[in-house]
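Student: I would like to go through this model by question and answer. Please give the cut-off for each term as it comes up.

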Amino acid sequence: MAWNVQILVEYFEIKGIEKNKDKAVKLYEKAAVLGNGKAMLSLGKLYEEGNCVDENEYMAFEYYKKSYDLEQISSNCFKLGRCYFFGHGVEEDKVKAVEIYNLLCDKLQQEYKLSINSGKSGVYDAFSRSV
């Protein structure tokens, strides 16, 4: 079953309807169990910020790591690298953080080259929306 993460986001963002954050968290969890990397990333952010769930650096790290293991995209590279760099939810490991940040730089360089070739706006805009 494919999950549309945008529908889950709407539980948090649509104005004019009653927001059901508990249901949104449960749907994110279900989507994550089914292998949706964006849902894993979103759960990591919820745990990191203590939004709708109790703040828990370890759980945030675990969801960021699962998302990263599934697919290395700029947003989860940044968040996982930050966890390793500062020791949030995991033992501090600056070497591992630098490895992940280097991957992030490679990804951003690839995205930049694609944006130049396609005539779209710079990669900074895409990256700033993803973190």
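Student: Which residue forms a salt bridge with Glu 48?
Tutor: This is a predicted model, in which local features need pLDDT of at least 70 and side-chain atom pairs count only at pLDDT 80 or more, while totals for chains, interfaces and linings use all residues. Residues are numbered from 1 along each chain as its sequence is written, and side-chain values use heavy atoms, with hydrogens and water left out. A salt bridge needs a side-chain nitrogen of Lys or Arg within 4 Å of a carboxyl oxygen of Asp or Glu. With its closest N and O atoms 2.4 Å apart, the partner of Glu 48 is Arg 82.

Student: How many residues apart in sequence are the parts that Arg 82 and Glu 48 tie together?
Tutor: Helices are DSSP runs of H or I with at least four residues, strands are runs of E with at least two, and both are numbered from the N terminus. Arg 82 lies in helix 5 (residues 74-86) and Glu 48 in helix 3, so the pair ties together parts whose separation in residues is 34.

Student: Is Arg 82 buried or exposed?
Tutor: Buried means under 20% relative accessible area, exposed over 50%, and partly exposed in between (1.4 Å probe, protein chains only). Glu 48, at 26%, counts as partly exposed. Arg 82 has a relative accessibility of 18%, so the class of Arg 82 is buried.

Student: Which side chain does a polar contact of 2.4 Å join to that of Glu 48?
Tutor: Contact means heavy atoms within 4.5 Å. Beyond its neighbours within four places in sequence, Glu 48 is in contact with Glu 55, Ala 60, Tyr 64, Lys 79 and Arg 82. A polar contact is a pair of N or O atoms within 3.5 Å; within protein, one must be able to donate a hydrogen and the other to accept it, and residues adjacent in sequence count only if both atoms are side-chain atoms. At 2.4 Å, the side chain joined to Glu 48 in this way is that of Tyr 64.

Student: What distance separates the C-alpha atoms of Glu 48 and Ala 60?
Tutor: Ala 60 is among the contacts of Glu 48. The two residues are twelve apart along the chain, and their C-alpha atoms are separated by 5.2 Å.

Student: The charged end of Lys 94 sits over which ring?
Tutor: Lys 94 also meets Glu 92 in a salt bridge (3.5 Å, N to O). A charge sits over a ring if NZ of Lys or CZ of Arg is within 6 Å of the ring centre and within 35 degrees of the ring normal. The charged end of Lys 94 is 3.8 Å from the centre of the ring of Phe 85.

Student: Why is the pair of Phe 85 and Phe 86 edge-to-face?
Tutor: A search of the whole structure finds three aromatic pairs. Rings of Phe, Tyr and Trp (its six-membered ring) pair if their centres lie within 6.5 Å; planes under 30 degrees apart count as stacked, over 60 as edge-to-face and the rest as tilted. Phe 85 is partly exposed at 28%, as is Phe 86 at 48%. Their ring centres are 4.9 Å apart, and the pair is edge-to-face because the planes are at 80 degrees.

Student: The ring of Tyr 47 is stacked with the ring of which residue?
Tutor: Tyr 47 is buried at 12% relative accessibility. The pair links Tyr 47 in helix 3 (residues 37-49) to a residue in helix 4 (residues 57-70), 16 residues apart. The ring centres are 5.9 Å apart and the planes at 10 degrees, so the ring stacked with Tyr 47 is that of Tyr 63.

Student: Which residue lies over the face of Tyr 63?
Tutor: Tyr 63 is buried, with a relative accessible area of 13%. At 5.3 Å from the ring centre, the residue over its face is Lys 66.

Student: How far from Cys 77 is the nearest cysteine sulfur?
Tutor: A disulfide is a pair of cysteine sulfur atoms within 2.5 Å, and a search of the whole structure finds zero. Cys 77 is buried at 0% relative accessibility. The nearest cysteine sulfur to Cys 77 belongs to Cys 105, at a distance of 9.8 Å.
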